Amino acid sequence: MEEIIYNTLFGLSTSFWFAISVRFLLSCVNCLLGVIRAYASEVASEEYHALCLSVVSTSRGIGLIIGPAIGGYLAQLSIFSAELSYISLCYWGSHCMLVAA
């Protein structure tokens with residue numbers, strides 16, 4: 001639930017430092033990475049632990065690169081109005097997180 005609030009606050013940010021602060025708080029409350037790593041270690045056999053943990057780290061890194069790239073592309077689309085383009089993307093992203101939870 002906190003992730004939804006911080007993601008929406010990030011969309012409402014008006015300054016660079018507020019955006020950085022909200023992203024920092026979002027990273028602090030995100031506990032999914034530890035759960036995913038524990039699950040990957042439990043599911044895979046012992047010989048594949050290193051492979052599973054590297055796949056988790058690699059997919060997180062790819063998501064951190066591709067996610068903002070997609071967001072930047074969608075923010076430039078002329079379908080959205082100029083004032084609501086970024087906040088609408090954060091709003092719908094928060095709703096997707098809510099549905100996934």
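Before you click on anything, one cut-off to keep in mind: a residue counts as exposed when its relative accessible area is over 50%, and as buried when that figure is under 20%. Also remember that this is a predicted model.

Start by colouring the protein chain by pLDDT. The average is 76, and 76% of the residues score at least 70. Now pick out two helices: α3 (residues 32-43) has the highest mean pLDDT among the elements of the chain, at 84, while α5 (residues 85-100) has the lowest, at 69. Where pLDDT is low, the predicted coordinates should not be read in detail.

Next, select F16 and W17. The structure holds one aromatic pair, and here you have it: the two rings sit edge-to-face, 5.2 Å centre to centre with 75° between the planes. Is F16 buried or exposed? At a relative accessible area of 56%, F16 is over the 50% cut-off, so it counts as exposed. W17 is exposed too, because its value is 61%.

Which residues is Y6 in contact with, leaving aside its neighbours within four places in sequence? Select V22, L25, L26 and V29 to see those partners.

How values were computed: Residues are numbered from 1 along each chain as its sequence is written. This is a predicted model: local features need pLDDT of at least 70, side-chain atom pairs count only at pLDDT 80 or more; totals for chains, interfaces and linings use all residues. Side-chain values use heavy atoms; hydrogens and water are left out. pLDDT is the predictor's confidence in each residue, from 0 to 100. Helices (H or I, at least four residues) and strands (E, at least two) are DSSP runs, numbered from the N terminus. Rings of Phe, Tyr and Trp (its six-membered ring) pair if their centres lie within 6.5 Å; planes under 30 degrees apart count as stacked, over 60 as edge-to-face and the rest as tilted. Buried means under 20% relative accessible area, exposed over 50%, partly exposed in between (1.4 Å probe, protein chains only). Contact means heavy atoms within 4.5 Å.
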